[in-house]
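My notes follow in the sequence of looking things up.

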Amino acid sequence: VRKEEEVYTAVMRWLEFDPEGRVEDMVKIMENVRLPLVQWEFLMGKVSKHKLFTNNEQCRHYFQVCLYVYMVNRKNKNVNIIFLSLFFSGGETTNRDILCRLESFNPITNKTKQLTPMPTIRRSLSVVVIEKMLYAIGGSDGTSAINTVEMYNTEKDTWMPRAGLCEPRASLSAAAVDDKIFALGGHNGLNALRSVEIYDVDTNSWSATTEMLSSRSMAAAVSIHSQIFILGGYDGSMDLSSAEVLDTRNFQWKPISSMHEARSMMDAAVLEEKIFVVGGSSESQ
């Protein structure tokens with residue numbers, strides 16, 4: 001099959017042969033049609049107008065999720081959404097056990113699936129997606145910060161070791177621009193870090209670049225076009241409300257407006273070129 005439009009067309013022909021008898025099976029079948037891969041004109045001009053997606057509630061919900069994924073991927077191909085799955089890796093249990101577990105969640109079926117575990121047990125890592133590959137970066141093995149990087153192939157359900165960070169980092173932030181991964185700050189077990197490293201996918205190598213204006217661990221980072229924004233975090237003595245942005249075209253950092261309150265251990269996401277910061281902690285202040 002050369003393109004996903006052909007898969008969609010074949011499925012629709014199968015349905016039209018016996019619409020009443022086959023419509024109940026369409027939801028499960030449509031989960032295997034990767035609508036976020038079709039051309040925008042095809043998606044909106046043909047798929048959105050089909051009565052299956054206007055009359056069937058489950059298929060309509062499926063289309064809405066596909067449309068969201070399509071729009072997110074148009075703005076940033078490196079989000080941690082691959083087709084219709086969200087991925088969760090590593091972490092720590094309430095018993096303080098460090099995990100290597102990898103799970104995916106499908107919002108259409110509302111089901112979670114266990115996948116091949118990471119080779120390295122760790123928490124406080126960062127995960128970035130580039131071209132259907134998940135990169136698990138740094139973290140802590142429960143004793144010390146590590147520099148380990150591993151790549152997960154979402155199509156083959158396999159892991160592969162990649163070049164390690166230049167220095168160990170736990171509670172780091174990471175973001176991607178084009179085919180480059182930026183590992184930002186974190187801590188090495190002693191100090192919060194200002195340093196930044198870039199990973200080149202083609203050469204499988206890390207190199208140092210311009211340091212941030214402030215030391216930050218447990219911060220949140222997002223990318224918009226050629227810029228990387230890092231927000232809040234902990235500098236070793238207090239939580240931060242400050243934020244800064246890196247222009248990856250000239251590798252210059254500059255401060256931006258601070259958040260309304262200091263926080264670390266929060267998360268951030270981009271929607272319609274606006275950054276949303278959610279949750280976090282300010283217990284250290």
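I looked up alanine 183 and found glutamate 197 in β11 as its bridge partner. Strand β10 (residues 180-184) and strand β11 (residues 196-200) run antiparallel and are joined by five bridges. I take strands as DSSP runs of E of at least two residues and helices as runs of H or I of at least four, numbered from the N terminus. Two strands pair if DSSP finds at least two bridges between them.

On provenance, I note that this is a predicted model, in which local features need pLDDT of at least 70 and side-chain atom pairs count only at pLDDT 80 or more, while totals for chains, interfaces and linings use all residues. Residues are numbered from 1 along each chain as its sequence is written, and side-chain values use heavy atoms, with hydrogens and water left out.

I then traced the sheet around this pair. Its four strands lie in the order β9-β10-β11-β12, as an open sheet with antiparallel pairing. β9 (173-177) and β12 (205-209) are the edge strands, each pairing on one side only. From one strand to the next the twist averages 25 degrees; the axes are lines fitted to C-alpha atoms, and angles run from 0 to 180 degrees between N-to-C directions.

Next I went to strand β6 (residues 133-137). Four of its five residues are buried, so β6 is largely enclosed by the rest of the structure. Buried means under 20% relative accessible area, exposed over 50%, and partly exposed in between (1.4 Å probe, protein chains only).

β6 runs antiparallel to strand β5 (residues 126-130), with five bridges, and also to strand β7 (residues 149-153), again with five bridges. I checked alanine 136 on both sides: valine 127 stands opposite alanine 136, and glutamate 150 in β7 is its bridge partner. β5 and β6 form a hairpin with two residues between them, and glutamate 131 in the turn has a positive phi of about 50 degrees.

In helix α4 (residues 40-47) I listed the buried residues as Phe42, Leu43 and Val47. They cover an arc of only 100 degrees around the axis, so they sit on the same side of α4. The arc is that of the directions from the helix axis to the C-beta atoms.

Last, I looked at phenylalanine 276, in strand β18 (residues 274-278). Phenylalanine 276 counts as partly exposed because its relative accessibility is 42%.
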